[in-house]
Amino acid sequence: MQKELNETNNKLIIGISITIPLAVAVLFGIKIDGYDFSFLPPIYASINALTSLILIAAVVAIKNKNRELHERLMKTCLILSALFLVMYVVYHMTSTSTSYGGDYKYIYYFILITHIILSVAVIPLVLFTFVRALNANFEKHRKLAKITFPIWLYVAVTGVIVYIMISPYYQ
């Protein structure tokens, strides 16, 4: 029974991990005129910043053996990440792309590209880590969390950095 549940969870996580980036890519190709969501980038950048801080607080909580607080903080991070994704897609579906025009374009594009690649890679990592905790498989959860945490933190922090670097060039 547990093996069947694990296989079902694994298939679901893999499906979600493929569907989200594909859906985002498809939705980026759709442009909806007549809406102004130009206020969203500082909001979703702030969500990334908040996610970073909460991720760190969650690690501190579990290091201090406060599993209940850790769990609440991690669930908050999942909700914030989902909120970020919705706002990010809405903004990009209703706005024209902004080009970076600064002197640090190679640094900007390095950060942006690694951010994008790791934001796709972190989806299954976060979901597998979360499901292992839900299934009380804490040994495997801990092992995977040691990989997931720095990647998720990098994605959240670089999301803020990308916003700070590109924001002077918004129209």
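Reader: What do buried, exposed and partly exposed mean here?
Author: Buried means under 20% relative accessible area, exposed over 50%, and partly exposed in between (1.4 Å probe, protein chains only). This is a predicted model, where local features need pLDDT of at least 70, side-chain atom pairs count only at pLDDT 80 or more, and totals for chains, interfaces and linings use all residues. Residues are numbered from 1 along each chain as its sequence is written, and side-chain values use heavy atoms, with hydrogens and water left out.

Reader: H115, buried or exposed?
Author: H115 is buried, because its relative accessible area is 11%.

Reader: What does H115 touch?
Author: Leaving out residues up to four places away in sequence, H115 touches Y154, V155, T158 and G159 (contact means heavy atoms within 4.5 Å). A polar atom of the H115 side chain also lies 3.0 Å from the backbone oxygen of V155.

Reader: Switching to salt bridges. How many?
Author: The count is 2 salt bridges (a side-chain nitrogen of Lys or Arg within 4 Å of a carboxyl oxygen of Asp or Glu). R72 pairs with E68 at 3.8 Å, N to O, and K75 pairs with E71 at 2.8 Å, N to O.

Terms used:
Polar contact = N/O pair within 3.5 Å; in protein donor to acceptor, adjacent residues only side chain to side chain.
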